[in-house]
Amino acid sequence: MQCVRAWRGLSSLRRAAHHRVAWSHTAAARLDLSGIYPPIATPFTAKEDVDYQKLEGNLQKYAKIPFKGLVVQGSNGEYPYLTEDERVEVVRTVRRSLPMGKLLMAGSGCESTRATVQLTEKMAAAGADAVLVVTPCFYKGKMNSCALIHHFTKVADCSPVPVVLYSVPANTGLELPLDAVVQLSHHPNILGLKDSGGDITRIGLIVHKTKPQDFQVLAGSAGFLMAAYCVGAVGGVCALANVLGQELCELERLCVSERWEEARVLQQRLIEPNAAVTRKLGVPALKQAMEWFGFHGGACRSPLHPLTEAEAQQLRRDFSSNGWL
């Protein structure tokens, strides 16, 4: 009840701010997130500077794949290791290259509410159609539902573009609580949720409890994409789409068309390579796989290290044993 009262208590403050973002609330009601998004990687030079030329090369290749849009400065973009200026400039670069009709969702989450609000405004100015806001987690012991509802409400009140919540417990050690998601789904400028936890019962329950708000849930991994579609998700933000983008879009098409047997066969072939580039070996593996499939992956920014020879061999086996290499 305290959380509900806290959220309601903010409503009077929000009314004063609504005139500034009324147009964005209308945009939130209209923006359709359904589809597949790669959370794009950030290429670096040998000196660990952002390599904008290679980034644009990747963008040209992604333009040929029927993605709904791109997620920029998500976890796979190594955003914690980029400066604020770099984060904004990467978004600005993507916006210049992105074809008309493709959505740009920019990661703007920071640890403090104040910094998140400021970066969100900068991302919108750089061309983001929506922002993806990760749960603050450094003081995770204090990040209960009340704190998170207050945080996301303030961000959404101030954001010139629609907000998508981002729960990624593998990285943050914190799952955005169900009651907080349901409460936040009532905010007119909070459009949906990217859930990377992989708990299908939770995803299904979120879809069920937020249905009156037309809240849109995106699967945060290719490993459970079909299952997420089965319980009402509208799409996915999938690291593996950086490598097997056409195949992820095909899985989306099969699910939307309810061709479940074909979808099941394809989904099963994606499970091992997806696990390899996410929870098993992470961003260094994703970037290595990108190189094998004709994209610019390259090295990560320190302190992330390249794969060992043994890890690279395991990664290759995870792709080749499923017929991708």
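Biologist: How much space lies in the largest pocket?

Modeller: The largest pocket holds about 1,000 Å³ of space. A pocket is an open set of points on a 1 Å grid over the protein atoms alone, where a 1.4 Å probe fits, with protein on both sides within 12 Å along at least five of seven lines; lining residues have an atom within 4 Å of a point. A volume is the space filled by probe spheres set on the points, which are joined across faces, edges and corners. This is a predicted model, in which local features need pLDDT of at least 70 and side-chain atom pairs count only at pLDDT 80 or more, while totals for chains, interfaces and linings use all residues. Residues are numbered from 1 along each chain as its sequence is written, and side-chain values use heavy atoms, leaving out hydrogens and water.

Biologist: Why is the pair of Tyr-62 and Phe-295 called stacked?

Modeller: Rings of Phe, Tyr and Trp (its six-membered ring) pair if their centres lie within 6.5 Å; planes under 30 degrees apart count as stacked, over 60 as edge-to-face and the rest as tilted. The centres of Tyr-62 and Phe-295 are 5.0 Å apart and their planes stand at 25 degrees, so the pair is stacked.

Biologist: What makes the pair of Phe-138 and Tyr-139 edge-to-face?

Modeller: Their ring centres are 5.0 Å apart, with 85 degrees between the planes.

Biologist: Why does Phe-138 count as exposed?

Modeller: Buried means under 20% relative accessible area, exposed over 50%, and partly exposed in between (1.4 Å probe, protein chains only). Phe-138 has 62% relative accessibility and therefore counts as exposed; Tyr-139, at 61%, is likewise exposed. Tyr-62 and Phe-295, however, are both buried.
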